[in-house]
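Me: I'd like to go through this one piece by piece. Can you start with the charged pairs?

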Amino acid sequence: MTLGDAVGSVGISLDELRLAARNHGMPLEALRYDVTPAGLHYLLTHYDIPAVDANVWRLEVRGAVTAPLSLSLDEIRARPAVTVAVTLECAGNGRALLEPRPVSQPWVTEAVGTSEWTGTPLSLLLEEAGFASEAVDVVFTGLDHGLEGGVEQDYERGLPLADATRDEVLLVYEMNGQTLLPQHGFPLRLVVPGWYGMTSVKWLSRVTVLTERYDGYQNARGYRMRATEDEEGTPVTKMQPRSLMAPPGFPDFMTRARILDRGRVTLQGRAWSGLGEIVRVEVSIDAGRSWTPVELGSAPSPFAWRSWIFDWNAEPGEHELCCRATDASGATQPTEPSWNAGGYQNNAVQRVPVKVR
């Protein structure tokens, strides 16, 4: 069964097409860039892109703190700045490849991107505000507002205090050296390295320190691993290991199947994980029946994808290319996906059909 057959057999609704038109993935040929150009980076917007006047916008830091803060964008920019390359991936990446397919944004494998994010460490602001010793969670509230799961809400996510105060968690105002684009969270967003993208709240307006666990919709109901919607499930948190291949040759317009000439073909791609450094990537040219380790390259930062390369002597015929990654924790991509009601964390190996002529 081809990818087109897999998706077409279950049908894509008009509602899902509207979501797909609003939210775009990164073309996989962009895997050749260490840092993804802003216009090619994947994009997921839950509700509407808010119109924000940076001249009147302020970030409020409140809750269980001794010195609440209200900061302008200029005041945030005046604080110590850090620039770091971070790979972000949507938790639903791969959802459209599950069967039966959970109904939502129909991602295939392109919901990923790596940018150089510039901002100030969140931990410095929390220390300045003086969070209470009994603090448990930190909640991040965006300016985007909508209805989801029958609940009217501002988009909002909570993080355990220990994760929120990691040095690498940033309040970001620049992407690839430029002011944040409206769709990427202007004027300020959160970036949480290692975690799936739903945690990196855009259009940030408020940071609230709590002395109890946060139980808002996006933590308690959305982004949970469960077999049915009635289960409580377990939270989606850090990115699972994944490797993607830049498609070789050239594509068929409709199916995206690849066509290339016989002889030496250089396969290349990227691999990442929120659980640890990528330590091995393997490629298969026979649909996963046998695997060969590839040469690993560098990563733009400890929180960004790692490059890999493999020379293949392509023989005429039809082949299914696959790649899989293993990280320092020992986690390896599975050959087949594990189904769940939300369609999250499908990091099964990529399959690329090619015809060598």
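Reply: The side chains of Glu75 and Arg58 form a salt bridge, 3.3 Å from N to O. A salt bridge here is a side-chain nitrogen of Lys or Arg within 4 Å of a carboxyl oxygen of Asp or Glu. This is a predicted model, in which local features need pLDDT of at least 70 and side-chain atom pairs count only at pLDDT 80 or more, while totals for chains, interfaces and linings use all residues. Residues are numbered from 1 along each chain as its sequence is written, and side-chain values use heavy atoms, with hydrogens and water left out.

Me: Where do Glu75 and Arg58 lie?

Reply: Glu75 is in helix α3 (residues 73-77) and Arg58 in the loop between α2 and β1, 17 residues apart, and the pair links distant parts of the chain. Helices (H or I, at least four residues) and strands (E, at least two) are DSSP runs, numbered from the N terminus.

Me: How many salt bridges does a search of the whole structure find?

Reply: The search gives 21. One of them joins the side chains of Asp261 and Arg357 at 2.6 Å, N to O. Asp261 lies in the loop between β15 (258-260) and β16, and Arg357 in the segment after β22 (350-356), so the pair ties together parts 96 residues apart in sequence. Asp261 counts as partly exposed at 45% relative accessibility, and Arg357 as exposed at 53%.

Me: Which residue does Arg351 form a salt bridge with?

Reply: Its partner is Glu320, with the closest N and O atoms 2.8 Å apart. Arg351 is in strand β22 and Glu320 in strand β21 (residues 317-327), so this pair ties together parts that are 31 residues apart in sequence. Both are partly exposed: Arg351 has a relative accessible area of 30% and Glu320 has 28%. There is also a network in which salt bridges that share partners join Arg221, Arg226 and Glu229.

Me: OK, rings next. How many aromatic pairs turn up in the whole structure?

Reply: Three. Rings of Phe, Tyr and Trp (its six-membered ring) pair if their centres lie within 6.5 Å; planes under 30 degrees apart count as stacked, over 60 as edge-to-face and the rest as tilted. Tyr42 and Trp107 form an edge-to-face pair, at 6.1 Å centre to centre and 80 degrees between the planes. Tyr42 lies in the loop between α2 (14-22) and β1 (59-63), and Trp107 in the loop between β3 (82-89) and β4 (112-121), so the pair ties together parts that are 65 residues apart in sequence. Tyr42 is buried at 8% relative accessibility, as is Trp107 at 4%.

Me: What sits over the ring of Trp291?

Reply: The charged end of Arg324, 4.1 Å from the ring centre. That label requires NZ of Lys or CZ of Arg within 6 Å of the ring centre and within 35 degrees of the ring normal.

Me: Sheets now. What is the strand order in the open sheet of four strands?

Reply: The order is β13-β16-β20-β19, with antiparallel pairing. Two strands pair if DSSP finds at least two bridges between them. β13 (242-245) and β19 (295-296) are at the edges with a single partner strand each, so one side of each has no neighbour in the sheet.

Me: How many bridges join β16 to β20?

Reply: Nine, between residues 263-272 of β16 and residues 306-314 of β20, running antiparallel. Arg264, for example, has Asn313 in β20 as its bridge partner.

Me: And β17, what does it pair with?

Reply: Six bridges join β17 to β21, and the two run antiparallel. Ser284 has Cys322 in β21 as its bridge partner. β17 also pairs with strand β18 (residues 292-293) in the antiparallel sense over two bridges. Five of the seven residues of β17 (residues 278-284) are buried, so the strand is largely enclosed by the rest of the structure.

Me: Last one. Where is pLDDT under 50?

Reply: Over residues 1-9. pLDDT is the predictor's confidence in each residue, from 0 to 100. The chain averages 95, and 97% of the residues score at least 70. Where pLDDT is low, the predicted coordinates should not be read in detail.

Conventions: Contact means heavy atoms within 4.5 Å. Buried means under 20% relative accessible area, exposed over 50%, partly exposed in between (1.4 Å probe, protein chains only).
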